Amino acid sequence: MQNDDTTASESAQGAERPSGLRAIWANTLEPVAPLPWYRRVPRNVVIAAVVVVALFAAVTVAAVTGAGAPTRHRIVLADRIGDQVRLPDADSTLALRADYDRQMTALQPYRELTVAGYGAAGSTETTLTVIGLTGSFSDVRWELDKYFGTQTTIDPSDNPVVDRQDYPAGPLGGALDCAVLDYPAVSLTTCAWADGNTVGIVIDATGAGEPEELARRTLDIRAAVEVEAKD
């Protein structure tokens, strides 16, 4: 009977005997430190946290440095474009610049304006007029519609624009339209392009060019005058 009691007592003590980490803790004079947090957190949670931190850091760097943002451009008119040289400002050029200058208000997206007349070397006759506007344009079609009078002309019969067509805008993107300005005294061909930062206008002052021909020429002019903004 005593043996049975002894066996039961030993079994009970064995069941209560600590094991594993509890046994180590019980057999040491100094307490054993608990596992650090990174050993207790599941591995997949740690990986997810690292990924989130890395993404947040990348987004922060991009926001501060502008990394990944589209390249900004502006228009700088050169002294020479192809076989055309920049001429001293004629009265018509000054009047055109003054007209656009009035649009450079705080409520408009235009921040920089440049206007110049071009012609053959040694000549004083303007054959091409180039207008450049730099700013921030969220809707390039809206900008072209404003130039061609779709958004500003109350009576369509007052709009001199005829035969407006869309043309390939080239590697700089955006949109390019060309048309004929049919005034009572003169008929002019014009092309205009727009992208996120620039609006450019080319007017053939001779009235002899066809829209398709001027569209090709405008692509060359745009490549020459639309440059990357450094600021």
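User: Which residues does phenylalanine 148 touch, not counting residues up to four places away in sequence?

Analyst: Before the contacts, please note that this is a predicted model, in which local features need pLDDT of at least 70 and side-chain atom pairs count only at pLDDT 80 or more, whereas totals for chains, interfaces and linings use all residues. Residues are numbered from 1 along each chain as its sequence is written, and side-chain values use heavy atoms, with hydrogens and water left out. Contact means heavy atoms within 4.5 Å, and on that basis phenylalanine 148 touches Asn159, Val161, Arg164, Asp177, Cys178, Ala179, Thr190 and Ala192.

User: Which residues touch the most other members of the largest nonpolar core?

Analyst: In soluble globular proteins, nonpolar side chains tend to be buried together. A nonpolar core is a set of buried Ala, Val, Leu, Ile, Met, Phe, Trp, Tyr and Cys residues joined through side-chain atoms within 4.5 Å, where buried means under 20% relative accessible area, exposed over 50% and partly exposed in between, with a 1.4 Å probe and protein chains only. Here the largest core has 19 residues, and those touching the most other members are Tyr100, Leu113, Ile131, Leu133, Leu144, Phe148 and Ile201. A second, separate core of 18 residues includes Ile75, Cys178, Leu214 and Val225.

User: What is the order of the strands in the open sheet?

Analyst: Strands of a sheet pair through backbone hydrogen bonds, either parallel or antiparallel. Strands (at least two residues) and helices (H or I, at least four) are DSSP runs numbered from the N terminus, and two strands pair if DSSP finds at least two bridges between them. The eight strands here are ordered E2-E3-E4-E5-E9-E8-E7-E6, with antiparallel pairing. Strand E2 (80-81) and strand E6 (161-167) each have a single partner strand, so one side of each edge strand lacks a neighbour in the sheet.

User: Is threonine 129 buried or exposed?

Analyst: Threonine 129, whose place is in strand E5, is buried, because its relative accessible area is 11%. Leaving aside neighbours within four places in sequence, threonine 129 is in contact with Leu96, Ala116, Gly117, Ile201, Val202 and Ile203.
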